[in-house]
Amino acid sequence: MSDATPAKDRVWEVFRQEAEGDPMVHGGSVKAPDEELATHYAREFYGRRQESERLWIVPREAITELDDPDLLKPPFDRSFKRPGGFLIKHKLEAARERAGTAPAEEAGE
Amino acid sequence: MDEAARAEAFYAHVSGGGKVEPDDWMPDDYRAAVLKFVEMHANSELMGVLPEREWILRAPTLRRKLALTSKVQDEVGHAQLLYRVAEDLGKPREQMLADLLAGKTKFHNVFHYPTRSWADVGIIAWLVDAAAIVSQQALRDSSYAPYARTMKKICWEESVHIMHGRDVVLTLMNGTDAQRASVQEALDRWWGPLMQMHGPPTDPATDRDLIWKIKAKGNEQLRQEFLSIYVPRIWELGLTVPDPLLAYDEAAGQWVYTEPDWAELRSVVTGHGPKSQERLEFRREARDATQWVRDAIIGPVGTAAA
């Protein structure tokens with residue numbers, strides 16, 4: 001973040017509930033120096049048209065994110081046990097180019 | 001993986017329909033392209049309220065006053081949502097406002113023109129918003145995911161604005177001869193800027209916003225879409241479009257029209273429109289007059305480079 005951000009201003013993520021019983025779904029974020037103003041802004045942007053049952057307003061720093069594919073989508077397909085499980089074409093092209101050993105382009109390519 | 005290979009993989013990801021979130025790694029030129037696009041959009045929402053705001057006190061009925069006030073409030077809200085998206089790409093809001101007011105960044109051509117009558121207000125809310133929504137619907141699947149999500153919300157909120165505009169126009173068209181004439185006169189003045197609004201056609205092979213799927217459709221495709229939907233709706237009211245060449249070419253499958261004045265577009269968006277400086281000055285005065293509020297609430301901002 002740039003130095004021009006005022007020290008008191010913070011980002012708050014807003015979650016909203018569309019209808020009773022629905023899960024809380026991320027709607028967007030607002031910028032405010034404190035919880036009270038953040039709540040007012042959240043209401044203005046995500047509730048002014050009576051479109052939300054409920055809002056959660058959460059400081060961005062309070063959110064822990066997990067996006068590691070090894071944990072969320074681990075490669076349990078065992079493709080590493082099969083010959084077709086390794087696709088080296090593009091890596092080989094890149095390596096040859098870097099080493100300067102790429103074959104001359106074929107006519108018409 | 002080195003920088004260049006990483007960038008190549010990124011471009012393939014976005015060109016192939018992949019999405020990007022704010023804290024993902026991005027090549028500088030993609031980040032800059034999205035920022036420029038979103039920043040101009042945010043500027044346009046902020047400046048776009050001024051032509052209509054000028055008519056709140058002059059609207060013919062209380063209901064129209066309330067509807068217009070609500071529309072203005074919505075548009076400022078859209079500006080706020082878009083500045084928020086742009087901020088997460090690394091440019092502070094204060095800097096974006098400073099650049100807009102210094103004339104360094106742009107806003108859409110249509111907001112540089114005067115509103116001369118109540119009919120203008122109807123034409124703007126109907127046709128200018130319609131042209132904008134044609135663009136905005138094509139952004140709902142942007143590769144930059146926060147922008148795509150914001151566009152879905154904005155499109156939903158804009159749909160009511162177009163209905164309001166069409167209602168104003170229909171009310172005038174069902175009124176007196178003078179009222180009908182005022183609508184035709186307004187359309188005659190606004191048609192040129194409307195045709196320029198989507199911009200000159202770009203080459204799909206070099207339009208990076210299109211290649212990287214920041215936007216889904218090219219300028220000409222958007223203009224054709226706008227014409228296909230709205231020209232019949234204009235004609236069915238008995239209005240004429242002030243372009244003798246405007247016609248749908250069945251064989252070519254597209255509308256033909258007089259080439260828009262691209263020189264006018266360039267001149268206007270660089271701040272030489274009839275109302276450009278007056279409206280920017282209004283914004284400067286408003287910013288200066290309310291500085292004490294921002295200082296009190298969030299504290300003085302450390303000055304970025306002017």
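**View 1. Two helices of chain B pack against each other.** In this predicted model, helix α5 (residues 118-137) of chain B and helix α7 (residues 177-196) of chain B have axes that come within 9 Å and cross at roughly 35°. The crossing of α5(B) past α7(B) is right-handed. Angle and distance are quoted together here because two packed helices are described by the angle between their axes and the distance between the axes.

**View 2. The residues where α5(B) and α7(B) meet.** On the α5(B) side, look for Ala119(B), Asp120(B), Gly122(B), Ile123(B), Leu127(B), Val128(B) and Ala131(B). They meet Ser182(B), Val183(B), Glu185(B), Ala186(B), Leu187(B), Trp190(B) and Leu194(B) in α7(B). Sorted by class, this contact of α5(B) with α7(B) is made up of 10 nonpolar, 2 polar and 2 charged residues.

**View 3. Thr171(B), with Gly122(B) also in the picture.** Thr171(B) sits in helix α6 (residues 145-173) of chain B. How far apart are Thr171(B) and Gly122(B) in sequence and in space? They are 49 residues apart in sequence and 9.5 Å apart in space, going from C-alpha to C-alpha. Gly122(B) is one of the α5(B) residues that meet α7(B). As for its surroundings, Thr171(B) has 16 C-beta neighbours inside 10 Å, so it counts as partly exposed.

**View 4. Glu3(B), in helix α1 of chain B.** You'll find Glu3(B) in helix α1 (residues 3-15) of chain B.

**View 5. Chain A at a glance.** Over to chain A, which has 3 helices and 3 strands. Starting from the N terminus, its elements run β-β-α-β-α-α. The chain has 109 residues, and 16% of them count as buried. Take the contacts in chain A between residues at least 6 apart in sequence: 42% of these join residues at least 24 apart. On confidence, the mean pLDDT of chain A is 87, with 89% of its residues reaching 70 or more. Within the chain, confidence is highest in strand β3 (residues 54-59) of chain A, at a mean of 98, and lowest in helix α3 (residues 89-99) of chain A, at 85.

**View 6. The sheet of chain A.** Here the 3 strands form an open sheet in the order β2-β1-β3 (chain A), and the pairing is antiparallel. β2 and β3 of chain A are at the edges and have a single partner strand each, so one side of each has no neighbour in the sheet. From one strand to the next, the twist averages 30°. Helix α1 (residues 35-47) of chain A lies across β1, β2 and β3 of chain A, and it runs at about 130° to β2(A).

**View 7. Strand β1(A) and its two partners.** How many bridges join strand β1 (residues 10-17) of chain A to strand β2 (residues 25-32) of chain A? There are 7, and the two strands run antiparallel. To get your bearings along this pair, find Arg10(A), which stands opposite Ala32(A) in β2(A). Then find Arg16(A), which stands opposite Val25(A) in β2(A). The pairing of β1(A) with β3(A) is antiparallel too, with 6 bridges joining them. There, Glu13(A) stands opposite Val58(A) in β3(A).

**View 8. Two loop residues with a positive phi.** Most residues other than glycine have a negative phi. Arg78(A) isn't a glycine, yet it has a positive phi of about 55°. Its place is in the loop between α2 (69-72) and α3 of chain A. With 8 other C-beta atoms within 10 Å, Arg78(A) is exposed. The other case is Lys213(B), also not a glycine, with a positive phi of about 60°. Lys213(B) lies in the loop between α8 (208-211) and α9 (219-235) of chain B. Is Lys213(B) buried or exposed? Lys213(B) is buried, because 20 other C-beta atoms lie within 10 Å and the cut-off for that label is 20 or more.

Methods. Residues numbered from 1 in each chain as written. Chains lettered and ligands numbered in written order. Predicted model: local features only at pLDDT ≥ 70, side-chain atom pairs only at ≥ 80, totals over all residues. pLDDT = per-residue confidence, 0-100. Helix = DSSP H or I, 4+ residues; strand = E, 2+ residues; numbered from the N terminus. Pairing = 2+ DSSP bridges. Axes fitted to C-alpha atoms, helices over the stretch in contact; angles between N-to-C directions. Left-handed = near helix turned anticlockwise from the far one by under 90°. Contact = placed C-beta atoms within 7 Å. Nonpolar A, V, L, I, M, F, W, Y, C, P; charged D, E, K, R; others polar. Buried ≥ 20, exposed ≤ 12 C-beta atoms within 10 Å, placed from the backbone.
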